[in-house]
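Please find below my comments on the structure under review.

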Protein chains: 2
Amino acid sequence: MEREVDVAIIGAGTAGLNAMAQVRRAGKTFVLIDGGELGTTCARVGCMPSKAFIQVAEDFHRRHIFERHRIEGGEGLSLQLAEAMEHVRDLRDLFVDRVLQGSTDEMGDELIRGYARFVSPNELEVDGQRIRARRIVIATGSRPVLPEAWRAFGDRVLTTDDFFEQETLPPRMAVIGLGVIGLELGQALARMGVAVTGIDAAETVSGLSDPVVSAEVVKVLGDEFPLWLGHPAELSRDGDALRVQAGEQAVTVDKVLVAMGRRPNLEHLGLEEIGIPLDARGMPPHDPHTMQILDLPIFIAGDVSGERPILHEAGDEGKIAGYNASHDEIRAFRRKTPLAITFCDPNVVQVGRSWSELAGRDDVAVGEMRLGPVGRALIMGKNKGIIRVYAEKAGGRLLGAALFSVRGENLGHLLAWAMEQELTVWDALRMPFYHPVIEEALQAAFYNLSGGCEGRPEPPIELRPLSPADA
Amino acid sequence: MEREVDVAIIGAGTAGLNAMAQVRRAGKTFVLIDGGELGTTCARVGCMPSKAFIQVAEDFHRRHIFERHRIEGGEGLSLQLAEAMEHVRDLRDLFVDRVLQGSTDEMGDELIRGYARFVSPNELEVDGQRIRARRIVIATGSRPVLPEAWRAFGDRVLTTDDFFEQETLPPRMAVIGLGVIGLELGQALARMGVAVTGIDAAETVSGLSDPVVSAEVVKVLGDEFPLWLGHPAELSRDGDALRVQAGEQAVTVDKVLVAMGRRPNLEHLGLEEIGIPLDARGMPPHDPHTMQILDLPIFIAGDVSGERPILHEAGDEGKIAGYNASHDEIRAFRRKTPLAITFCDPNVVQVGRSWSELAGRDDVAVGEMRLGPVGRALIMGKNKGIIRVYAEKAGGRLLGAALFSVRGENLGHLLAWAMEQELTVWDALRMPFYHPVIEEALQAAFYNLSGGCEGRPEPPIELRPLSPADA
């Protein structure tokens, strides 16, 4: 049995669904192929359940402000872990249902349930069925990294695939890997009363390369739960429990959450068999502006591309791949200003160029502001953290930022939009900053940054002279 | 005794201090004259203590989410009102001290304590002392409106001048005037357990002119405490208490907070005596871009100018007035995109042009998004509200917005900055929106808005084609 379509999309996650929307809009015939569980990684095991989990932890943790605010009785509060996990799953199910309702639920035979394998650059095989397509989009997503040897520890070792399925949480846990997910869930677990140890082989957390911000994150979050950095974790059995060792330190825990990143789902597609070379990371070479692999009729999008494993970028890649898969002319698109948020408290945010990308450049100025004295942060009782912003010394064009701040997710958008517009620090200082708001911390960082930049406009009063165009 | 300076500044509040900084930078001689309590309105009786008060109320109110989040014991929480008021004053004192330390504390005879009166456009009298100045800045601020007849009710009638001095709060209150302050404090009082009635002669609250957003605010906040709209309040004695009547409705309360706006402190300056005509509102005519009064050597700035009684605008006016008072050439400056925030929960925010300014124009498109289904808002348990955005139909340039939304204060900045940059709805849709964040509600409102706008760029995939300049 053979079937012919304009476009075949492998994977019904965020990237695949966005690609499908473009193909539909272009009026092309298509199939969407997925052999796994439907619903996106984001809704099933990623952003959404983790945010619901964090929200519960944050609300429970907030009781520590009660004494300052003269609210009595906080010591009588208790969190029902098993029921809280149920609440998280309830919300998760709602979000997954929404994704399905908006996409695959009503699809007929354009949805093929099965795993695809390339037979040629224009041909796939799915459970014995041949599908010929003018163009093919690979959007197969990713899965959590889990060292093979650790599988022997069975259900004492969790990834995000099973974490939210836990009926309840044990008294002692270790979180191995302190990137976005490890840091978010590790802090939330600690706040829920689990004795958590956070471990990472790197010396930094959350992928932060700015050493000042990173040190502040480690110090502040390290006060909530121990962070062991710089040594890889080793696991061994300890009776019914697990012993986790990292360098000289060791701890016995009931379960381990492995949050060591995610791996693209590429191996079973048969790319090498059809002659596509894979690079050192096992990735097919592709252009991030067109999502095309070499000059083949094949496009790659979303987590599987291994580049920007976050939802809005997966969406963009899906759109680009879907657009190019359904138009004769291949178009290159500008990618967005990088924005990465870890929803720990305070938020960790990176925008634009990272410290490591700018390292060693002597034409870059840095400005910083600690949250300590910021009025609104003080009022909220959330004045830990630091903001660092980078700009070109000549002219002051904003280049990047690293934030560890309350409302960091919101400041991150303001910064990313400013960088999309190529604003300078002088432009930014002329924007409205209300009072009292956390944005004023950013304003203070901009003032500090401006001291290292040239090109201050005249007159130096942070207001634009009125021009005839304003009339 | 006569004294001569380049610039005399009347008023040591936010506008006056900002003016002083400009005069200092220009190297001019000056005096700063203030007869009232030092420390800004903002720090003493405005933004800062009100935010501290609201924060306590919000933390206490949050116990209502506990059941959903499976946190037990919330019913055992109680708020110690008198101690909470002390906490608010402690924070307030900290902020006032900071203002003083950063400004008047170290000043010698450049600070004159007393009330100034114009003798001529270049001459002031302060407690018998004559001060000749080449230029004069009026930055005398404002005071709460309090109907004369109500003074008879003594300390049963409060304004923000005495509200934060209350040792504790009585069981029953009315808040008369539901602008920014009335809405913020009214809701906070209700959340702290005071039986509050909110009353306004207008049919809307918080100065909102968008009828859809206004209706939503009235509905949602009206569920927290009764809002009586459309009738002016009348007060009468009721034993030891006060009877408050508005239209057909009446309530007996222990105290009344009058929040009917603020009046510029102009009367005692003697402006008319030196020949300055006052308009119907009692204001001297001035140019909001130069802050100059007519073509006199007199400038006006801050709340007293009666235009934009919020801190960052008072700061801008102070800068403009101070700059122009210390330079020969009078310069005109562009004023910022209007941004007004009421820090109730959800926040009420107006950005750019208001609904009433755009009323009747058929070249304006409106987009809206309710917070109900927004993922992150749902997770936070804060998904009440609505966002409305306005743009030019031809081309989609953003014109204004009215928001009633969690994190509205942050979205307001994003919108105000976008309008400062004159972004179109198409530009805005190409900006990064992370997931899951409240900014996605704004994104949805933009999508909705774009349906009514022309000028959608090709290709329609919310990504900018790569240009040679990006290389």
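Predicted model: local features only at pLDDT ≥ 70, side-chain atom pairs only at ≥ 80, totals over all residues.

1. Relation of the two chains.

2. Extent and make-up of the interface. On chain B, 73 residues are in contact with 73 residues of chain A. The elements of chain B that give two or more residues to this side include helix 3 (47-61), helix 4 (81-101), helix 8 (311-325), helix 10 (375-380) and helix 11 (408-420). Strand 3 (71-72), strand 4 (78-79) and strand 20 (339-342) of chain B also give two or more residues each. By residue class, the side of chain B that touches chain A comprises 37 nonpolar, 17 polar and 19 charged residues.

3. Strand 3 (residues 71-72) of chain A and strand 4 of chain B run antiparallel and are joined by two bridges. Within this pairing, A:Ile71 has B:Leu79 as its bridge partner.

4. Strand 11 of chain B. Is this strand mostly covered or mostly open? Four of the five residues of strand 11 (residues 172-176) of chain B are buried, and the strand is thus mostly covered. Strand 11 of chain B runs parallel to strand 12 (residues 195-200) of chain B, with five bridges between them, and B:Met173 has B:Val196 as its bridge partner there. Strand 11 of chain B is also joined by four bridges to strand 17 (residues 255-258) of chain B, again in parallel; in that pairing B:Met173 stands opposite B:Lys255.

5. Together with helix 6 (residues 180-191) of chain B, strands 11 and 12 of chain B make a right-handed β-α-β unit.

6. Surroundings of A:Ser209. This residue lies in the loop between strand 12 (195-200) and helix 7 (211-222) of chain A. A:Ser209 has 15 other C-beta atoms within 10 Å and is therefore partly exposed. Leaving aside residues up to four places away in sequence, A:Ser209 touches A:Ser354, A:Trp355 and A:Ser356. The C-alpha atoms of A:Ser209 and A:Gln350 are separated by 9.3 Å, although the two residues are 141 residues apart along the chain.

Note on methods
Residues numbered from 1 in each chain as written. Chains lettered and ligands numbered in written order. Contact = placed C-beta atoms within 7 Å. Nonpolar A, V, L, I, M, F, W, Y, C, P; charged D, E, K, R; others polar. Pairing = 2+ DSSP bridges. Buried ≥ 20, exposed ≤ 12 C-beta atoms within 10 Å, placed from the backbone. Right-handed = clockwise from strand over helix to strand, strands pointing away.
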